[in-house]
Amino acid sequence: MIDRSIAPEFKEIRNILFPEPEKRLAGRPDIWYINAGTQDVLKIECLFFAGTRFEHKPLAAFATNSTLKEGTGKMSSGEIAERLDFYGAFLENEHTKDTASITLYCLNKHLASCLPILIDMLTDAAFPEKEFDLFMKNNLQKFLVNRERVDYLARVGFNEMIFGSDSKYGYAIKEEDYKSLKREDVISLYKNRYDLSTAVIIVSGKIREQDRLQLESQFHAAAVTAKKETHEQTLTPFETKRRFIHKEGAVQSAIRVGIPLFNRRHPDYLPMLVLNTIFGGYFGSRLMANIREDKGYTYGVGSGINSLHQGGVFFISTEVGVDVTAAALNEIYFEMRRLREQHVPQNELDLVKNYMLGVFLRSMDGPFALSEKLKTLIEYGLDASYYQKFIETVNTITADEIHKLANRYLDPAAMYELVVGSVDPGEVKR
Amino acid sequence: MIGFTRFTLDNGLRVIFHEDRSTPLACLNIIYDVGARDEDSNRTGFAHLFEHLMFGGSANVPVFDEPLQRVGGENNAFTNNDVTNYYITLPAENLETAFWLESDRLLQLAFSDKSLEVQRNVVIEEFRQRYLNQPYGDVWLLLRPLAYTVHPYRWPTIGKDITHIEKATMDDVKEFFYKFYAPNNAVLVIAGNTDLHTVRKLAEEWFGPIENRNVPKRKLPPEPEQKTKRSLLVERNVPVDAIYKVWHMCARMDPDYHTTDLLSDVLSNGRSSRFYTSLIKEKKLFSEVHAYISGDMDKGLFTVSGKLSPGVSFEAAEAGIDEELQKMISSPPSESELQKVKNKVESVHVFGETSVLNKAMNLAFAELMGDASLVNLEVEKYNKVRIEDLTRVAAEIFRNENSSVLYYKAKTA
């Protein structure tokens, strides 16, 4: 009979190897391969430095990235959709503050049919007036719906505080922006930033030699160099640290607390990931244990770090009952002070270390997950030793170092604080 | 093709093992044959509240998540109207920890008063966050009781009334546990980088000693055939009018299930679908419109939902939808239109098998429906659907007297 009162033995994860990706340099653009997995599928991600930061008019990056698929010189929007749907292929478009990408998912057997469509969209998108207008009209509706959500208002409002309303990172989209963006703005961004010669192509899945040959010949033939422009922005956070946005009728308040931070190239970034996990980065975190599991104020609370090409942000986010908004804020600051005043118990630190390495192991499971990991390296000009460094940091960081970090970065007095809700909770003691 | 081995413990627990050597991970998925449909109509939301309590510690494990996080694992769970499913993924070599934790809470939950009190509050906040504080968040609170009159699908998983959760007592909770949480009412699936011998040994050791329990046989009142169309108009603080129209459809195990699913695909899967090209691009009636099926174990719902373009009336929007549905009969899909949606099904299936957790969940769900090997027959069943099946099922489902419609009107300031 087993003894249930004793935890089974377990092995600690001490090392995880990031498989060295293969890069083909035979021409432009760079094509990276991650050959892994068991299924006959391919993911082809084409990454451009064409995120919000590079737009001249609000919404241009989003609209360009989304309407690339709405027609080319050769094919109408309907034809593109029909052909990709027929081969069971999926197109994913995504834009961030820094980058924009178009990703094709298809079965290996349909690559020859799908790849020319992808290349056509990247080199000869037509942005037909009719499709562009419809896209803007329908997305205005989505925007109007989003504006009714406290979590959306909080995310946008907090970005303004951290990066400044005038910066590309912090600008909050207005209703008028949907009317003022013109098709020409989109075409201009497409011409300047969707430059295949400087794009990054990441191919993952079960890659056969014939797949490589097709990909290289077609991508390299299509790449034409575009002219370069510089894009500067000044990031100026709000002067005031507290902000309340009124949302009539809200039964919960959305809370954001945080500070501007550096990105993943900074020496404190990796240690900060450990501190963040302890504070609010997993289910057993200080914030969850206190605000959800002890007080029951919320369905979920957490903290995170967003790394951007220019800077970053550390933030706490939650939605809580209107009547406990001030109480929840108090607990957030209480947990910050606790980390600044007392060392993390070794037991808790060990748990967090193992947990983080487990998450890391899972985040590298399968070809598509590996391709995400590789993308991060390429975007920030890092190499595979970065992940080795991550593992080392997690393995070796001490409670003393965590304590110092908390005192450097988790200062309640320095925090920007935003509440979106129906009742202003007033200023809480920090 | 997902290969697996199946065995049953003496206490009735069905165990399925799928080996996958391409991953360093393993997952343990346990599905219980209990969902919101098994609740008393005066105590709704219990299956879901209970899922929360399952993380509140057990006889030998004070805090469920802690030992799991310590070995690099992660877990979660979900409840729907039919089932409650718990899953853990962790490094394969630490699989035993998952067995320890999962078996201990099935053996005996801690039933702490503190956990009940806190989780009641957490669920109430979840109710507010997901159903009350979101635009259109209360749609299913309104639609379910419109579409169902007697079947327990008439309330959502969160419960029909939050006071049911507020009033939950420890006795209610205990009764629910011993009634439904039993080895003979569950399917355990292990998938990942381990071997059958290990799985068999761990299953026998950790789950074997748990005694089977007396699980009541499910007797749910079938929903009577709907004879007249029902409708409801509500006004809310939302910026855009929306319409939700539902029709009764077959159950998950019905031979027509796959045909019904393909019907929804022809209508709205992808940007070349009928809804997208006709209702959004051509007629511009909607800014978005979707068709989807519920996939419930008992007879479910075929749903069409859409947000109306500015200036479009509910009458025009509904007429537009109805016209497309009638066209499924009057101008049936061509061979290539049908082939297109079948190709998509195949593709989704192949991509779905890239995730070990996904495979484990599918096996568990299939076994609960009757046979784990159903997972490997799905694509073939879709491939067998013919054009005449689509038109026949469309004619059966898309009758106005079989429908309920919710007009969700934007309150004008």
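Over all chains, the count comes to 67 salt bridges, a salt bridge being a side-chain nitrogen of Lys or Arg within 4 Å of a carboxyl oxygen of Asp or Glu. This is a predicted model, so local features need pLDDT of at least 70 and side-chain atom pairs count only at pLDDT 80 or more, while totals for chains, interfaces and linings use all residues. Residues are numbered from 1 along each chain as its sequence is written, chains are lettered from A and ligands numbered from 1 in the order in which they are written, and side-chain values use heavy atoms, with hydrogens and water left out.

I'll take the interface first. The contact between the chains takes 76 residues from chain B and 68 residues from chain A, where contact means heavy atoms within 4.5 Å. About 6300 Å² is buried between chain B and chain A, and carbon and sulfur atoms give 57% of that. Buried area here is the accessible area, with a 1.4 Å probe, that two parts lose on being put together, summed over both. On the chain B side, R70(B), R271(B) and F351(B) lose the most area to chain A, together 12% of what that side buries.

How many salt bridges does the rule find across the interface of chain B and chain A? The number is nine. In one salt bridge, the side chains of K109(A) and E346(B) meet at 3.1 Å, N to O. In another, between E131(A) and K281(B), the closest N and O atoms are 2.8 Å apart. E131(A) lies in helix α4 (residues 129-146) of chain A and K281(B) in helix α10 (residues 274-282) of chain B, so this pair joins two chains. Helices are DSSP runs of H or I with at least four residues, numbered from the N terminus. E131(A) is buried, at 12% relative accessible area, and K281(B) is buried too, at 17%. Buried means under 20% relative accessible area, exposed over 50%, and partly exposed in between, with a 1.4 Å probe and protein chains only.

Now for salt bridges within a chain. R128(B) pairs with E125(B), the closest N and O atoms being 2.8 Å apart. The two are three residues apart in helix α4 of chain B, so about one helical turn separates them. R128(B) counts as partly exposed at 25% relative accessibility, whereas E125(B) is buried at 6%. Salt bridges that share partners also join D256(B), R386(B), E388(B), D389(B), R392(B) and E396(B) into one network. In chain A, the side chains of D30(A) and R28(A) meet at 3.2 Å, N to O; D30(A) is buried at 12% and R28(A) is partly exposed at 45%.

Next, the cores. A nonpolar core is a set of buried Ala, Val, Leu, Ile, Met, Phe, Trp, Tyr and Cys residues joined through side-chain atoms within 4.5 Å. The largest has 69 residues, and F390(A) is among those with the most contacts inside it, as are M272(A) and L410(A). Neighbours within four places in sequence aside, F390(A) is in contact with L270(A), L273(A), M356(A), L357(A) and F360(A). Apart from this core lies another, of 66 residues, including L42(A), A50(A), L122(A) and L153(A).

One last residue. T198(B) is found in helix α8 (residues 196-206) of chain B and is partly exposed, at 27% relative accessible area. T198(B) and E96(B) are 102 residues apart in sequence and 9.3 Å apart in space, C-alpha to C-alpha.
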